[in-house]
Amino acid sequence: MKRATFVAATAASLALPSAARATQPAIRPVPMRETPVVLGDDAFVRDAWRELRGRTVGIVTNPSGVLSTGEPLADAVHRNGQIAVKALFGPEHGIRGAAGAGETVGSSSDEKTGLPVHSLYGPTRHPTAAMLDGIDVLLFDIQDVGARPYTYVSTMAYVMGSAAQYGKEVWVLDRPNPIGGVQLDGPVLDPKFKSFIGLYPIPERHGMTVGELARLFNEQFGIGCKLRVIPMQGWKREMLWADTGLKWVPTSPNIPYARTTLVYLATGLVDEGGVNNGVGTDRPFEYAGGYGFEPGAFRDALAARRIPGVEFEAADWVPTKGFWSGKTLRGVSINVTDPHAFPSVRTAIEFLAAARAQGRYHVPAGHEQIMDRDWGTDAVRLALNAGTSADAIIASWQPGLAAFKSLRAKYLLY
């Protein structure tokens with residue numbers, strides 16, 4: 001569903017007078033799309049909502065918070081005269097999903113209904129007492145991409161923290177991890193590098209759903225809120241997005257396609273090392289290279305590494321925004337041939353090591369902290385600077401990944 005449709009449909013449902021809402025069926029049965037997966041929000045509107053009769057809710061969502069039919073959760077909830085929605089809460093990119101990465105989003109009132117829309121990516125990222133006044137339960141329904149630096153799970157953690165502080169409940173309506181629940185990849189975050197793009201010691205690629213992460217955060221990392229996860233039905237750990245039968249709704253401006261989630265961690269971690277990733281084109285995160293790269297040599301160096309599940313083609317591209325706007329950049333395009341095998345974070349290291357071999361790896365002065373924050377450690381940058389091989393860098397992650405795999409086992413739902 002397009003963002004404009006989401007906003008218009010939500011506003012229309014909010015605009016119903018309370019008396020009119022009360023005369024409608026509490027929640028009309030929603031004919032679910034024929035897919036292998038029943039989402040957590042599907043299960044909520046079918047059955048679980050009954051436990052919230054007469055209670056007030058806040059909904060943490062954005063355009064990706066849709067049922068398997070494509071209908072926004074907010075619409076389905078607002079048809080219910082027995083559940084009062086007090087406010088909406090928006091993460092990074094805003095309730096409409098249109099703000100750019102890192103762009104501050106302000107709180108507002110919905111122009112058609114006057115319902116408060118609280119930004120959790122503005123002056124505060126934690127719901128305040130005033131925002132939560134009169135709310136009994138917070139529903140979290142946002143599609144994640146399975147990558148630690150993606151900020152939606154940090155917003156979820158902050159919502160849970162405020163709920164614990166102010167005596168509210170949190171219900172997480174679970175959704176698929178679009179890159180699957182099997183592979184773990186990348187360094188486990190060093191707590192010294194904790195930030196909003198990495199709050200807890202988990203790997204770059206963690207292989208967990210948002211509901212599983214909520215359980216991990218709540219118990220293992222001590223949030224301690226009253227939490228309920230509404231699980232999916234039919235989702236299996238080996239499933240990628242294409243296996244779910246669900247339609248992809250862009251989770252943010254630079255994740256327009258389900259396939260983008262596969263390469264996001266391969267190139268989203270390289271830009272501070274002098275490798276451009278194609279953001280600003282119609283194929284964000286699907287390129288690797290830059291100004292002055294020799295495409296054929298770069299491609300051949302990567303092919304020689306025999307990275308599973310991926311092929312590279314020499315390519316050039318011209319970003320339409322950002323520092324390189326209007327400039328022709330050269331390198332490779334990424335063609336994921338076996339998404340189940342493709343090691344996204346390993347590939348990021350391969351890009352940086354290949355760029356280093358061509359004299360193109362470079363961390364600008366003052367950007368060291370940004371790169372370390374992205375990776376959740378300074379070990380990657382220091383190893384690259386020292387000439388350490390890609391194989392040795394990747395091997396250094398393995399003990400942490402094994403420990404995390406054991407830790408996460410008790411929080412898995414599928």
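This is a predicted model: local features need pLDDT of at least 70, side-chain atom pairs count only at pLDDT 80 or more; totals for chains, interfaces and linings use all residues.
Me: Where do I start, and how many helices and strands does the protein chain have?
Reply: Start with the inventory. The protein chain has 14 helices and 12 strands.

Me: What share of the residues is buried?
Reply: A residue is called buried when its relative accessible area is under 20%. By that cut-off, 57% of the 414 residues in the protein chain are buried. The accessible surface of the chain comes to about 16100 Å², and carbon and sulfur atoms hold 52% of that surface.

Me: How do I read contacts along the sequence?
Reply: Look at how far apart the two partners are in numbering. Among contacts in the protein chain with a separation of 6 or more, 76% are between residues 24 or more positions apart.

Me: In what order do the strands of the sheet with β10, β11 and β12 lie?
Reply: Sequence order and sheet order need to be read separately. Here three strands form an open sheet in the order β10-β12-β11, with antiparallel pairing. The edge strands are β10 (287–290) and β11 (310–317), each of which pairs on one side only. On average, neighbouring strands of this sheet are turned by 25° against each other, direction ignored.

Me: Which helix packs on this sheet?
Reply: Helix α10, residues 295–303, packs on the sheet and touches β10, β11 and β12. The direction of α10 makes about 35° with that of β12.

Me: How many bridges join β10 to β12?
Reply: Four bridges join β10 to β12 (residues 329–336), and these two strands run antiparallel. To follow one of the pairings by residue, take Tyr287, whose bridge partner in β12 is Ser333.

Me: How is empty space found?
Reply: Rolling a probe the size of a water molecule over the atoms shows where empty space is left. In this model, the largest pocket holds about 1300 Å³ of space. Of the 45 residues that line the largest pocket, Gly268, Asp271, Glu272, Asn277 and Val279 are the closest to its centre.

Me: Which element gives the most to the lining of the largest pocket?
Reply: That is α12, with three residues. At least two residues of the lining come from each of α9 (260–267), β10 and α12 (368–375).

Terms used: Residues are numbered from 1 along each chain as its sequence is written. Side-chain values use heavy atoms; hydrogens and water are left out. Two strands pair if DSSP finds at least two bridges between them. Axes are lines fitted to C-alpha atoms, for helices over the stretch in contact, and angles run from 0 to 180 degrees between N-to-C directions. Contact means heavy atoms within 4.5 Å. Buried means under 20% relative accessible area, exposed over 50%, partly exposed in between (1.4 Å probe, protein chains only). Accessible areas come from the Shrake-Rupley method with a 1.4 Å probe; for residues, only the protein chains shown count as cover. On a 1 Å grid over the protein atoms alone, a cavity is a set of points where a 1.4 Å probe fits but cannot get out, and a pocket is an open set with protein on both sides within 12 Å along at least five of seven lines; lining residues have an atom within 4 Å of a point. Grid points are joined across faces, edges and corners, and a volume is the space filled by probe spheres set on the points.
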